[in-house]
Amino acid sequence: MNSVTKSLAFAVAVVASTAAYAGKPMMPETQMLTIYKQECGTCHMAYPPGFLSKPAWGRVMNSLSNHYGTDASLDDTQVKEISQWLNQHAGTYKRVVQSSKEDRLTTTEWFLRKHKEIQPNVYQRAAIKSAANCAACHTTAAKGDFEEDNVRIPK
């Protein structure tokens, strides 16, 4: 393989990997994605399941009656179905396995490292409101795309 072919192969691999972590799509297109977005995306962004580990998602789904201070209870069937889908697509790579103590995406080591240049007061802007509002800055977050090229921080 010559150097041009190797470079091209590498570029294709890099582009392909931006849509997935550890070989998993950020937001796998399934009927469950629709249900997940309906149930969880009503109050906050429906985070890609690969952003947390299976144990973290299990703890989140088992504590919906006190979901970070809010009652987000679902019926048993919904909990079972959404939990199975989240577990199937949960993150398994190092950065996700190291969940935060309270299983908050915004307090995981990798989230803090990726956002270290953002001053805390930026999250308090009216158009952002919280570090958990990914879509405020990541313009293609709804598609599961969090690439820096698509970041626009509101003033």
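This is a predicted model: local features need pLDDT of at least 70, side-chain atom pairs count only at pLDDT 80 or more; totals for chains, interfaces and linings use all residues.
Residues are numbered from 1 along each chain as its sequence is written, and side-chain values use heavy atoms, leaving out hydrogens and water.

Let us start with the fold. The chain holds six helices and two strands, where helices (H or I, at least four residues) and strands (E, at least two) are DSSP runs numbered from the N terminus. Their order from the N terminus is α-β-β-α-α-α-α-α. Of the 155 residues, 37% are buried, meaning under 20% relative accessible area with a 1.4 Å probe, protein chains only, while exposed means over 50% and partly exposed lies in between.

Now to helix α2, residues 31-40. Here M32, L33, I35, Y36 and C40 are buried. They lie on the same side of α2 because they cover an arc of only 165° around the axis, taken from the directions from the helix axis to the C-beta atoms. Q31 and Q38, on the other side of α2, are exposed. The cover over the buried residues includes α3 (54-61) and α4 (76-89).

What about the cysteines? Counting pairs of cysteine sulfur atoms within 2.5 Å as disulfides, the total is zero. Two cysteines show the distances involved:

| Cysteine | Closest cysteine sulfur | Relative accessible area |
|---|---|---|
| C40 | C43, 8.9 Å | 15% |
| C137 | C134, 8.8 Å | 13% |

For C40, that distance is too far for a bond.

Definitions and conventions:
Contact means heavy atoms within 4.5 Å.
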